Amino acid sequence: MAAGAPVGAGGTSNIYKGSGWKLLFPSWVIIGIFLLAPVLMMAVYSFLTKEFRGGVIWEFSLNAYDQFFFDRGLFGDEPPTLEWTYIGIFWRSIWQAGLATITCLLIGFPTAWFIATRKPESRSIWLFLVTIPYWVNLLIRTVSMKFLIRDTGPLNEFLLSLHVINEPLGLINTNFAVQLGLFYSYLPFMVLPIYAAVERYDFSLSEAAADLYASTWTILWLVILPVVRPGIIAGCILVFVPSLGAFLAPDLLGGAKTFMIGSLIEEQFKGNAGNWPFGAAASMILLTIVMCVLLVYARNQNKAEAR
Amino acid sequence: MAASTNLRRFPGFLTVTIICLFVLYAPLIVVAVYSFNASTSITNWGGISLAWYVDVFTGPEAPKFQQAALNSIIIAVCASIVATIVATLAAVAMTRAGRFRGKTLSFALINLPLMVPEVVTAVASLVFFSAIGFTTGLTTILIAHTVFCIPFAYLPISARMQSIPDMYEQAAMDLYATPREAFKLVLLPLMTPGVLSGFLLAFIISLDDFLITNFVKGAGIETLPTAIFGSVKQGIKPNIMAISTLMLVVSVVFVSLSWLIGRMGQEKT
């Protein structure tokens, strides 16, 4: 490679050729031992027998998965029927995360578009404004949201004093509160990739469409959206995946009716009521769902690049 | 020309942006305002006072939160330093060592902590530490934090390194610098802004973490987020709002610093 040419995204500079593995060794050791090995260990634990005060007995068992999917009655001797409790919790989590993703998209797309069409000097300030809240501690943001929307919180007090409402809105402990919390937690993940896509958008496409008498909204729907779609899909994944396993928003803003995967898993490892193999099995199922989503995304991405 | 500017505008997008910023900032501003409330009740406004800030530092819960804050800072500093060093080496490998076997796999490995859901990482870490008989405590928190800080440190560092052409190092090596010298004396100073923002990012991510810490912390050891969570479970008290506001200020200062350093670096090249 000619000296001076910028290093490409693929990392084509080979100035330190041959030392790749030496330089990557610490990463492999740390992530390999303390993340990859633990995930494999967790997979093993999901096939073990539970110990009653937390922990496991080293005996192979399919009980954890069996308990997740099937109901065998109180004494375990009835013919198995599908058990809806845990599948229902997973389904609700997917639903909640999906709604939060759609909300993020509906608010995030116009915001990203607006920022990307500012003057180049002011774009970074707008982006900075959108990302600051993300860097504030997630727990503190969630607690702040809880404080704001409580029945006796400032939002309700304010609306009551204006006589807009006669009784508190009752937002807390609802599905809506959880979605609001998830939206609030992950919105910047939607804005940033869409912004990156819109910034590269070639406006001569819009001009061509306008010359052919397309209306503003037709241009948005038929020209802009297909072009910036990779950014939108990336944003949706970045919001959906962490929302699915979120713990703080459902735990602090939701109630018993809004129980999600994160809380289900957490409960298995707290106190004496815990069931480690079951928690490990639920984690494995969550991990499988997430990896499937990411795989489908990666395959589409490769196809789009090949085109 | 007028047509081309109109094509950039959609009716209502400005309104949505304002709503978006309002939703993002309203809860934080409300809590910051209420942290100066003189009243002991968290709902009624009793005038401006610094009472709750005094309470944070001298009140009955002060020692607990101070110990937790100290733990958080120790862990964040150690984890982000280790993560930054590891990520810098990895970034050199990915951007400067040409093609080699297992490169794509290594890239996936570095980003693995971002792909695995946080709750799964938490469970896996707990299970792993208990299986190898490791007592949970500060060390286990430190290890777990180092792991998930690596990709966050890696992102700005590798982005920065990709934007630096390798002609400077080539020139140094033409003048008989060894690869090690070229790295230390030429590349490292050039990418300092990237390394610094990587470090700051890792630091904030470590301070931010609740879920993984909560799983691997062991009995009796608290970081600031786990201590706040424990306290909030019994109701939001005014001292929590004061602590939250302080942490908010720290985060904003750190992010602003990171942003300014990033800009400084861009202007130089």
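Trainee: At what angle do the axes of helix 1 and helix 12 of chain A cross?
Mentor: At roughly 120°, and the axes of helix 1 (residues 20-45) and helix 12 (residues 276-306) of chain A come within 8 Å. The axes are lines fitted to C-alpha atoms over the stretch in contact, with angles from 0 to 180 degrees between N-to-C directions. Helices here are DSSP runs (H or I, at least four residues), and strands are runs of E of at least two, numbered from the N terminus. This is a predicted model, where local features need pLDDT of at least 70 and side-chain atom pairs count only at pLDDT 80 or more, while totals for chains, interfaces and linings use all residues. Residues are numbered from 1 along each chain as its sequence is written, chains are lettered from A in the order in which they are written, and side-chain values use heavy atoms, with hydrogens and water left out.

Trainee: Which residues in helix 1 of chain A meet helix 12 of chain A?
Mentor: V39(A), M42(A), A43(A) and Y45(A). On the helix 12 side they meet W276(A), P277(A), A280(A), S283(A), M284(A) and L287(A). Contact means heavy atoms within 4.5 Å.

Trainee: How many of the residues in that contact are nonpolar, polar or charged?
Mentor: Nine are nonpolar, one is polar and none is charged. Ala, Val, Leu, Ile, Met, Phe, Trp, Tyr, Cys and Pro count as nonpolar, Asp, Glu, Lys and Arg as charged, and the others, Gly among them, as polar.

Trainee: Switching to chain B, how many helices and strands there?
Mentor: Chain B has 13 helices and zero strands. Its C-alpha trace spans about 70 × 70 × 30 Å along the principal axes.

Trainee: And how many cavities of 30 Å³ or more does a search of the whole structure find?
Mentor: One. A cavity is a set of points on a 1 Å grid over the protein atoms alone where a 1.4 Å probe fits but cannot get out, and lining residues have an atom within 4 Å of a point. The largest cavity holds about 50 Å³ of space, the volume being the space filled by probe spheres set on the points, which are joined across faces, edges and corners.

Trainee: What lines the largest cavity?
Mentor: Residues of chain B, including S72(B), H145(B), D209(B) and P225(B). Helix 4 of chain B gives the most, with three residues. The lining divides into four nonpolar, five polar and one charged.

Key:
1 Å grid on protein atoms, 1.4 Å probe; cavity = no way out; pocket = protein on both sides within 12 Å on 5 of 7 lines; lining within 4 Å.
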